[in-house]
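Please keep the sequence and the model in view while reading.

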Amino acid sequence: MSAQGAARPLTLGDLATKKDAREPIVMVTAYDHPSAQIAEQAGIDMVLVGDSAAMTVLGYDSTVPVTIDEMLMLTKAVRRGLSRALLVGDLPFGSYEASDSLAVQTAQRFVKEAGCDLVKIERGGTTVERARAIAAAGIPVVGHVGLTPQSVTALGGYRAQGRTAEAALAVIDDALALQKAGCALIVVEAVPSEVTGLLVERLLIPVIGIGAGADADGQVLVWHDLLGIYDGPAAKFVKRYADVRAASVAGVDEYAREVRSGAYPAPEHGYGMPADEVVKLKELLAGR
């Protein structure tokens, strides 16, 4: 484990210090125990168990169908792989919108059952009230503005937001309202860099960007995107740092070829038995 990975657990105060010092905050998504261990060893600051798991892990065609129980199962696995990084649980669509009471109950499950340090919710509007209720219950909240996948149909698809002055002002107003409601951080997704810069100037809390330019206080990318695991077109803002899918296909293909050719398993891949025990076993079988 790296020196960073062996350090004490991070706190929200540490994130505030990073913002003040203009030290970028590093955040990734993760959805299972091995990925969490890798993120931890790499010294990542925050790990988000995003509802993007619906598409990257569970095979749904959007984030909407994923359930609370599915998200909790994945989040628990990630929790067991982290010791330093802050853990953020994404509250899935339909688990918090209806009322403050529902929002608090769901957030409490993510803290009590999965060990989350923070929970994340999407959009402004009535979500501001839900954020206020969760924060009042003593649970740190991450807001999410700009492109919000849970409402992608209403937004007209997966496209950049805030590209006119009026639309950008709405994004900034949503973020300011979420900060006033008690959010500890804001994720801003797929907005022009200029909007992010103006937003960061106006917020006291850290701003984590995804497709929002370099002016954010930190960055987040989806695990399967940055490692090249996910099969399909990537968003413009995605940079692939590895090609894990191609390496995996090559490895499994070679395994299949060796099994079919008889090259695997070789003698060194098996367990032996003393020759006298083999003789004895054959005698026992013959005596039946």
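Where is the place of Val191? In this predicted model, Val191 belongs to the loop between S6 and helix H8 (193–202). Is Val191 buried or exposed? Its relative accessibility is 5%, and because of this value Val191 counts as buried. When neighbours within four places in sequence are left aside, the residues in contact with Val191 are Gly146, Gln161, Val171, Thr196, Gly211 and Ala212. A separation of 71 Å lies between the C-alpha atoms of Val191 and Ala275, and these two residues are 84 residues apart along the chain.

The C-alpha trace spans about 85 × 40 × 35 Å along its principal axes. Of the 288 residues in the chain, 45% are buried. Among the contacts with a separation of 6 or more, 59% are accounted for by residues 24 or more positions apart.

How are the strands arranged? The eight strands form a closed barrel in the order S1-S2-S3-S4-S5-S6-S7-S8, and their pairing is parallel. On average, neighbouring strands of this sheet are turned by 25° against each other, with direction ignored. Helix H7 (residues 165–181) packs on the sheet, where it touches strand S5 (141–146) and strand S6 (185–189). The direction of H7 makes about 170° with that of S5.

The pairing can now be followed strand by strand. Strand S2 (residues 46–49) is joined to S3 by four bridges, and the two run parallel; within this pair, Leu48 has Val88 in S3 as its bridge partner. S3 is in turn joined to strand S4 (residues 118–120) by three bridges, again in parallel, and here the bridge partner of Asp90 is Lys120 in S4. Why is strand S3 (residues 86–90) described as largely enclosed by the rest of the structure? The description holds because five of the five residues of S3 are buried, each having under 20% relative accessible area. Both faces of S3 are covered: Leu86, Val88 and Asp90 are buried on one side, and Leu87 and Gly89 are buried on the other.

With S5, S6 pairs in the parallel sense over five bridges, and His144 stands opposite Val187 in S6. With S7, S6 pairs in the parallel sense over four bridges; in that pairing, Ile186 has Val207 in S7 as its bridge partner.

The remaining pairings to be considered involve S8. S7 and S8 run parallel and are joined by two bridges, with Gly218 in S8 as the bridge partner of Ile208. S1 and S8 also pair in the parallel sense, over four bridges. Two of the partners in S8 may be named: Val220 is the bridge partner of Met27, and Leu221 is the bridge partner of Val28.

In general, rolling a probe the size of a water molecule over the atoms shows where empty space is left. The second largest pocket of this model has a volume of about 330 Å³. Which residues are closest to its centre? Of the 20 residues that line this pocket, they are Val26, Val28, Leu221, Leu226 and Tyr241. Two or more lining residues come from each of strand S1 (25–29), helix H2 (33–41), strand S7 (207–210), strand S8 (218–221) and helix H9 (223–226). S1 gives the most to this lining, with four residues. By class, the lining of the second largest pocket comprises 16 nonpolar, three polar and one charged residues.

How values were computed:
Residues numbered from 1 in each chain as written. Predicted model: local features only at pLDDT ≥ 70, side-chain atom pairs only at ≥ 80, totals over all residues. Heavy atoms only, no water. 1 Å grid on protein atoms, 1.4 Å probe; cavity = no way out; pocket = protein on both sides within 12 Å on 5 of 7 lines; lining within 4 Å. Points joined across faces, edges and corners; volume = space filled by probe spheres on them. Nonpolar A, V, L, I, M, F, W, Y, C, P; charged D, E, K, R; others polar. Pairing = 2+ DSSP bridges. Axes fitted to C-alpha atoms, helices over the stretch in contact; angles between N-to-C directions. Contact = heavy atoms within 4.5 Å. Buried < 20%, exposed > 50% of the residue type's maximum accessible area, 1.4 Å probe, protein only.
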